[in-house]
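Dear colleague,

Please find the structure below, followed by a short account of what was found in it.

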Amino acid sequence: MLSNPATARKGNLVSAAGMGIAILGTLFLYQPVGAPFHNYGWIVGAMVIGTVIGSLAALKVKMTEMPEMVSLFNGMGGLCAALISMVEFGRIAQDNTAMHLLSILAGMVIGGVSFAGSMIAYGKLSGKIKDHTFSGQHIFNLVILFVILVLGALIIHGDTGAPVLIFCGILALSLCYGVLFVLPIGGADMPVVISLLNSFTGVATACAGFLYNNQVMLTGGILVGSAGAILTILMCKAMNRSIKNVLIGSFGGAKVAAGSTATDDQGTYREISLIDSAMVMKYAHKVMIVPGYGLAVAQAQHACHELEKSLRSSGVDVKYAIHPVAGRMPGHMNVLLAEADVSYDDLLELEAANEEFSSTDVVLILGANDVVNPAAENDPSSPIYGMPVLQVWKAKSVIINKRSMRPGYAGIENQLFFLPNSSMLFGDAKDVLQKLITEIKSM
Ligand code: TAP
């Protein structure tokens with residue numbers, strides 16, 4: 001049910017009900033032998049507080065702030081896994097087997113990295129934290145990883161007189177690693193990191209499931225871990241990035257300093273009026289709409305569908321070109337357009353869309369920027385160089401709707417706006433679309 005927008009809501013409810021049953025089952029069916037639960041007050045109290053905070057946050061969050069929230073919740077999962085390891089280490093450290101110690105340590109390290117990394121990702125997505133790099137950062141990250149491995153091996157071998165101190169050291173280093181590996185990642189590459197952190201949380205949970213010999217927890221963790229890993233690999237492919245570089249936090253933002261941030265000297269651009277835009281689209285054979293983050297901000301998906309219908313009724317062939325990382329979360333544009341009942345058959349994926357642009361009369365870009373930036377193909381100094389983009393510039397004419405000349409998420413200028421076949425149609429996407437529909441209908 002979760003793989004289709006039409007049934008996803010129901011799928012989520014089924015998952016939530018399943019989770020509820022799992023919690024009740026844990027509380028009432030699995031009483032630990034010899035030590036039955038006695039602290040129901042604390043358990044129920046924590047559940048009530050968590051449920052209230054979670055529900056209020058989910059009800060209040062704007063669709064465009066969803067990725068931040070996903071990051072925050074993912075970090076909480078990592079923190080839970082790390083806490084379980086800490087509690088279990090203190091509780092049964094004396095008679096732990098090597099295998100138990102390994103899953104305790106793995107749960108804590110991976111959970112700690114996921115928690116700290118997700119908090120930094122949350123800060124970056126909400127614009128509160130900027131990219132930070134220092135020279136030798138990758139080596140430093142690798143050294144931290146190596147020290148964590150050595151300290152972990154010491155604890156497992158029992159060659160240490162101060163296991164608790166070393167355990168705390170490993171925790172501190174894991175949190176440090178989480179911060180340092182996400183901090184330098186450049187804007188456009190954040191989606192890959194988020195899905196990797198999601199996968200980490202799953203693996204950390206699976207470690208706890210292994211520790212408790214709890215098959216449900218193990219299966220759930222492995223499911224999240226492997227789904228996150230597959231998504232990460234797909235995202236890496238979509239962004240043309242290597243998984244190795246993602247893991248040591250060595251891609252994206254670091255290259256921004258090479259001179260690709262927005263500059264004042266951007267050349268000149270052409271503006272187009274609403275009437276002219278309406279006219280070229282109405283009398284075109286083929287129009288391709290490219291939705292982006294700005295369409296979601298403006299909540300203009302319904303107006304967009306209206307425009308599509310009025311163009312269709314004038315005999316225009318209208319399609320949508322969907323970039324895999326347009327917006328701020330995987331599948332953002334698909335979900336947004338599905339909300340407005342746009343047919344899935346009209347959505348073209350990146351490769352299919354790129355084949356169609358040269359035979360397209362007009363491309364209408366609605367609040368997209370990074371995903372249509374030619375620098376990804378022709379400027380090796382650009383932080384998004386190598387990322388596959390929608391080759392909109394191949395169309396006869398390109399109309400770009402946004403509110404200003406400000407850059408998109410990656411913070412870099414876009415030469416597309418200055419090409420001879422491009423023209424800017426400034427304004428809020430919803431407002432502009434409504435006016436375009438009125439113009440087209442009155443022609
Ligand atoms: P962006 O490059 O972020 O560009 C969005 C553009 O929308 C901005 O340039 C902005 O320009 C415009 N805009 C904002 N509000 C608007 C409004 N009300 N009406 C009209 N335009 C508006 O978006 P994109 O092309 O969709 O690319 C997505 C970026 O986010 C990529 O860099 C991607 O890597 C990153 N990212 C993606 C994800 C996932 S998984 N999808 C997650 C995190 C980050 P003005 O301010 O001038 O209007």
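How many aromatic pairs does a search of the whole structure find? The search finds 6 aromatic pairs. Rings of Phe, Tyr and Trp (its six-membered ring) pair if their centres lie within 6.5 Å; planes under 30 degrees apart count as stacked, over 60 as edge-to-face and the rest as tilted.

One of the pairs is formed by phenylalanine 181 and phenylalanine 200; this pair is tilted, with 6.4 Å centre to centre and 35 degrees between the planes. Phenylalanine 181 belongs to helix α6 (residues 163-182) and phenylalanine 200 to helix α7 (residues 190-211), 19 residues apart, and the pair links distant parts of the chain. Helices (H or I, at least four residues) and strands (E, at least two) are DSSP runs, numbered from the N terminus. Both phenylalanine 181 and phenylalanine 200 are buried. Buried means under 20% relative accessible area, exposed over 50%, and partly exposed in between (1.4 Å probe, protein chains only). Together with Tyr177, Phe181 and Phe200 form one aromatic cluster.

Tyrosine 269 and phenylalanine 426 form an edge-to-face pair, 5.8 Å centre to centre with 85 degrees between the planes. Tyrosine 269 counts as partly exposed because its relative accessibility is 37%. Phenylalanine 426 also counts as partly exposed, because its relative accessibility is 24%.

A charged group meets a ring as well: the charged end of arginine 328 sits over the ring of tyrosine 293, 3.6 Å from its centre. A charge sits over a ring if NZ of Lys or CZ of Arg is within 6 Å of the ring centre and within 35 degrees of the ring normal.

Some notes on the model follow. This is a predicted model, in which residues are numbered from 1 along each chain as its sequence is written. Local features need pLDDT of at least 70, side-chain atom pairs count only at pLDDT 80 or more, and totals for chains, interfaces and linings use all residues, while side-chain values use heavy atoms, leaving out hydrogens and water. The mean pLDDT (the predictor's confidence in each residue, from 0 to 100) of the protein chain is 88, and 94% of its residues reach 70 or more. Over residues 253-264, pLDDT stays under 50, and the model has 25 contacts for them beyond four places in sequence. Contact means heavy atoms within 4.5 Å. Where pLDDT is low, the predicted coordinates should not be read in detail.

As for the overall fold, the protein chain has 16 helices and 6 strands. Of its 443 residues, 45% count as buried. Its C-alpha atoms fill a box of roughly 80 × 50 × 30 Å, taken along the principal axes. Among contacts between residues at least 6 apart in sequence, 77% join residues at least 24 apart.

Finally, there is serine 314, in the loop between α12 (301-313) and β2 (317-322). Is serine 314 buried or partly exposed? Serine 314 is partly exposed, because its relative accessible area is 30%. Not counting residues up to four places away in sequence, serine 314 touches Lys282 and Ile440. Serine 314 and lysine 441 are 127 residues apart in sequence and 9.3 Å apart in space, C-alpha to C-alpha.

Yours sincerely
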